[in-house]
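These are my notes on a structure I have not looked at before. I went through the strands and then the helices.

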Amino acid sequence: MAKTPSDRVLLMFSGGRDSTLAALRLHEAGYPLKLVTITAGHLFGLNNVERRLREIAPMLPGETEWLQIVQPALRGTQHFFHQQTCLPCQSAYVVTGVNVARQAGIRRIAMGYASYQAGWPEQGPQATRVLEHTLARHGFELLLPVYDIESRASAMQELKTRGLSELALEQKCTRQVNNVELEGQVLSQQLELWARAIDEELGKSPLLLNISGHIRLSELR
């Protein structure tokens with residue numbers, strides 16, 4: 001069945017290998033896209049993301065929007081994370097995506113999570129189930145279009161086959177080097193906090209987002 005504007009998907013787009021393939025796979029499945037890239041003081045290299053978008057712009061509809069949004073501070077105070085992971089930032093990413101989606105009338109949120117990255121706490125099977133259920137409580141469907149990719153080599157090969165750079169053209173994070181892998185009860189506790197933080201924020205009034213850039217891909221061709 002042909003997709004319609006009501007089938008739009010908001011994709012959190014880093015410009016890395018996985019989110020790039022997610023954008024192309026979603027487009028090929030017929031979903032109209034809105035792309036959102038988070039910026040922050042601890043992230044650098046937005047020019048890499050633009051380079052990636054210039055690569056794929058001819059492959060996507062020109063009217064596809066790309067928003068750059070400054071990472072917001074969540075307003076909840078009682079749910080804090082005890083481990084040094086990417087979960088706090090991922091909470092802000094999810095909440096930002098939902099806020100943009102709500103304003104645009106979009107009900108599907110996509111992430112470029114891949115199974116070969118399951119060592120990252122937010123990308124493991126348990127985490128994706130938690131996120132799916134959390135978003136569903138707020139009326140959103142989670143899409144993971146590249147979760148079947150089982151290795152970095154496979155991602156690179158798919159990019160190569162499509163005539164794209166095999167590099168991870170994404171912003172680099174100055175905090176990411178401190179990320180730790182979690183398992184067992186510690187992981188479960190942190191994911192519970194993750195879900196509660198997202199739940200709490202989505203139950204509040206809409207965030208005031210700082211949109212630092214907003215273009216259509218036709219402008220990058």
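I count two residues as in contact when they have heavy atoms within 4.5 Å. I am working with a predicted model, in which local features need pLDDT of at least 70, side-chain atom pairs count only at pLDDT 80 or more, and totals for chains, interfaces and linings use all residues. Residues are numbered from 1 along each chain as its sequence is written, and side-chain values use heavy atoms, with hydrogens and water left out.

**Entry 1: threonine 39**

I looked up threonine 39 and found it in strand β2. Strands here are DSSP runs of E with at least two residues, helices are runs of H or I with at least four residues, and both are numbered from the N terminus. Is threonine 39 buried or exposed? Threonine 39 is buried, because its relative accessible area is 12%; buried means under 20%, exposed over 50%, and partly exposed in between, with a 1.4 Å probe and protein chains only. I left aside neighbours within four places in sequence and listed its contacts as Leu46, Gln68, Ile69, Val70, Gln71, Gln171 and Ser212. Across the strand pairing, threonine 39 stands opposite valine 70 in β4.

**Entry 2: the sheet**

β2 and β4 run parallel and are joined by 6 bridges; two strands pair if DSSP finds at least two bridges between them. On β4 (residues 65-70) I also found antiparallel pairing with β8, over 5 bridges. In that pairing, glutamate 65 has arginine 216 of β8 opposite. I noted that β4 is largely enclosed by the rest of the structure, because 5 of its 6 residues are buried.

What is the strand order of the open sheet? I read it as β6-β5-β1-β2-β4-β8, which is 6 strands with mixed pairing. The edges are β6 (141-143) and β8 (211-216), each pairing on one side only. Neighbouring strands are turned by 25° against each other on average, direction ignored.

**Entry 3: helix α1**

I then checked what lies over the sheet. α1 lies across β1 (9-12), β2 (33-39), β5 (108-110) and β6, and runs at about 165° to β1. Axes are lines fitted to C-alpha atoms, for helices over the stretch in contact, and angles run from 0 to 180 degrees between N-to-C directions.

I also compared α1 (residues 17-28) with α5 (residues 152-161): their axes come within 10 Å and cross at roughly 50°. That makes α1 oblique to α5; under 35 degrees counts as roughly parallel, over 145 as roughly antiparallel, 65 to 115 as roughly perpendicular, and the rest as oblique. The crossing of α1 with α5 is left-handed, meaning that the near helix is turned anticlockwise from the far one by less than a right angle; clockwise would be right-handed. On the α1 side I listed Arg17, Asp18, Thr20, Leu21 and Arg25, and on the α5 side Arg152, Ala155, Met156, Glu158 and Leu159. By class, this contact has 4 nonpolar, 1 polar and 5 charged residues. Nonpolar covers Ala, Val, Leu, Ile, Met, Phe, Trp, Tyr, Cys and Pro; charged covers Asp, Glu, Lys and Arg; the others, Gly among them, are polar.

**Entry 4: helix α6 and its partners**

Next I took α3 (residues 87-104) and α6 (residues 184-202), whose axes come within 10 Å and cross at roughly 30°. That makes α3 roughly parallel to α6. α3 passes α6 in a right-handed crossing, and the residues of their contact divide into 9 nonpolar, 4 polar and 2 charged.

How far apart are the axes of α4 and α6? I noted 10 Å, with α4 (residues 125-137) packing at an angle of about 20°. α4 and α6 are therefore roughly parallel to each other, and their crossing is right-handed. The contact of α4 with α6 has 8 nonpolar, 3 polar and 2 charged residues.

I ended with valine 130, which is in α4. Valine 130 touches Leu191, Trp194 and Ala195, not counting residues up to four places away in sequence. Valine 130 and glutamate 192 are 62 residues apart in sequence, yet 8.0 Å apart in space, C-alpha to C-alpha.
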